[in-house]
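User: I'd like to learn how to read the features of a protein model, one by one. Could you walk me through this one?

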Amino acid sequence: MRIPAHSVCTAIRDDIVAGVYERGSRLTEELLARRYGVSRVPVREALRTLEAEGFVVTRRHAGACVAEPTEQEAADLLEMRGLLEPLGASRAAQRRTEAHLKVLRGLVRLGQERARRGNSEDLRSLGAWFHETLAQACGSPALTSMLTQLRHKIAWMYAVEAPAEPVEYWTEHGAIVDAVARGDSERARAITALHTERSLSAHRLRFGSGGERTERVRNSQHPVNMPSLRH
């Protein structure tokens with residue numbers, strides 16, 4: 001595999017998230033440089049960035065290794081997302097552009113169509129694209145970057161089941177876009193908070209104190225009453 005030097009960080013991060021490198025495994029500059037077809041310089045820079053993001057740790061006598069987050073650290077990520085995604089939606093209602101709205105509305109239409117057909121693989125990628133666009137629409141590079149990192153780390157630590165009610169799930173997405181389009185920041189925040197809370201039950205931790213054990217994250221929120229979101 002040969003990739004541009006500036007893409008090394010993304011490539012290593014993607015491989016960590018995908019499980020190519022196991023938690024705790026060593027990441028040697030020489031082997032990484034050979035794998036991605038670059039010199040050791042961009043690899044070294046990438047490892048520094050990934051350490052700052054929490055994907056990599058430097059250990060004495062071992063060098064760079066894939067981080068081994070605890071269950072509490074994993075749970076904290078979901079809590080952070082529950083706070084930051086509603087904030088991002090609120091800011092998007094104030095700062096979104098027509099281009100953002102066009103993409104968001106198009107994704108909702110596609111998502112609703114795929115949900116009716118039951119195409120779960122398409123829904124997964126469309127959902128990621130939706131939340132990425134919503135984060136970009138917030139008009140804050142710092143907040144967008146934090147949300148992006150959260151999504152990557154949550155994807156690394158959790159397996160996420162397909163929503164039990166995909167049509168209703170995408171109706172929630174549509175309600176968020178409607179609030180953003182109207183510039184109603186408080187409503188956008190509230191609906192996104194409910195949507196995020198509801199999605200918690202689909203998350204299963206990929207690791208745990210029992211080795212291969214996974215746990216479903218409990219959802220303390222009552223189901224979202226979608227008809228009430230349309231008023």
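User: Which side chains meet Arg 117 and Glu 113, or what do these two form with each other?

Analyst: A salt bridge is a side-chain nitrogen of Lys or Arg within 4 Å of a carboxyl oxygen of Asp or Glu. Here Glu 113 and Arg 117 form one, at 3.1 Å from N to O. Before we go on, please note that this is a predicted model, where local features need pLDDT of at least 70 and side-chain atom pairs count only at pLDDT 80 or more, while totals for chains, interfaces and linings use all residues. Residues are numbered from 1 along each chain as its sequence is written, and side-chain values use heavy atoms, with hydrogens and water left out.

User: Where do Glu 113 and Arg 117 lie?

Analyst: Helices (H or I, at least four residues) and strands (E, at least two) are DSSP runs, numbered from the N terminus. Both residues belong to helix α5 (residues 98-117), four residues apart, which is about one turn of the helix. Salt bridges with shared partners join Glu 113, Arg 114, Arg 117 and Asp 122 into one network.

User: Is Arg 117 buried or exposed?

Analyst: The scale is relative accessible area: buried is under 20%, exposed is over 50%, and partly exposed is in between, using a 1.4 Å probe and protein chains only. Arg 117 has 64% and is exposed, while Glu 113, at 27%, counts as partly exposed.

User: How many salt bridges does a search of the whole structure find?

Analyst: The search finds 13 salt bridges. One of them pairs Glu 53 with Arg 13, with the closest N and O atoms 2.9 Å apart. Glu 53 sits in helix α3 (residues 40-53) and Arg 13 in helix α1 (residues 8-18), so this pair ties together parts that are 40 residues apart in sequence. Both Glu 53 and Arg 13 are buried.

User: What about Glu 29 and Arg 40?

Analyst: Their side chains meet in a salt bridge too, at 3.4 Å from N to O. This pair links distant parts of the chain, 11 residues apart: Glu 29 is in helix α2 (residues 29-36) and Arg 40 in helix α3. Glu 29 is buried at 19% relative accessible area, whereas Arg 40 is partly exposed at 43%.

User: At what angle do α1 and α3 pack?

Analyst: Two packed helices are described by the angle between their axes and the distance between the axes. The axes are lines fitted to C-alpha atoms, for helices over the stretch in contact, and angles run from 0 to 180 degrees between N-to-C directions. For α1 and α3 the angle is about 55° and the axes are 8 Å apart. Angles under 35 degrees count as roughly parallel, over 145 as roughly antiparallel, 65 to 115 as roughly perpendicular and the rest as oblique, and α1 and α3 are therefore oblique to each other.

User: Which residues of α1 and α3 make the contact?

Analyst: Contact means heavy atoms within 4.5 Å. On the α1 side these are Val 8, Cys 9, Ile 12 and Arg 13, and on the α3 side Pro 42, Val 43, Ala 46, Thr 49, Leu 50 and Glu 53. By class, Ala, Val, Leu, Ile, Met, Phe, Trp, Tyr, Cys and Pro count as nonpolar, Asp, Glu, Lys and Arg as charged, and the others, Gly among them, as polar. The contact of α1 with α3 divides into seven nonpolar, one polar and two charged residues.

User: How are α1 and α2 arranged?

Analyst: Their axes are 11 Å apart, at an angle of about 100°, so α1 and α2 are roughly perpendicular. Ala 11, Ile 12 and Asp 15 of α1 meet Leu 32, Arg 35 and Tyr 36 of α2. That contact has four nonpolar, no polar and two charged residues.

User: And at what angle do α6 and α8 cross?

Analyst: Helix α6 (residues 120-136) and helix α8 (residues 166-182) cross at roughly 20°, and their axes come within 12 Å. They are therefore roughly parallel to each other. Among the contact residues are Leu 134 of α6 and Val 180 of α8.

User: Is Val 180 buried or exposed?

Analyst: Val 180 is buried, at 0% relative accessibility. Not counting residues up to four places away in sequence, Val 180 touches Ala 89, Ala 92, Ala 93, Arg 96, Leu 101, Leu 134 and Ala 188.
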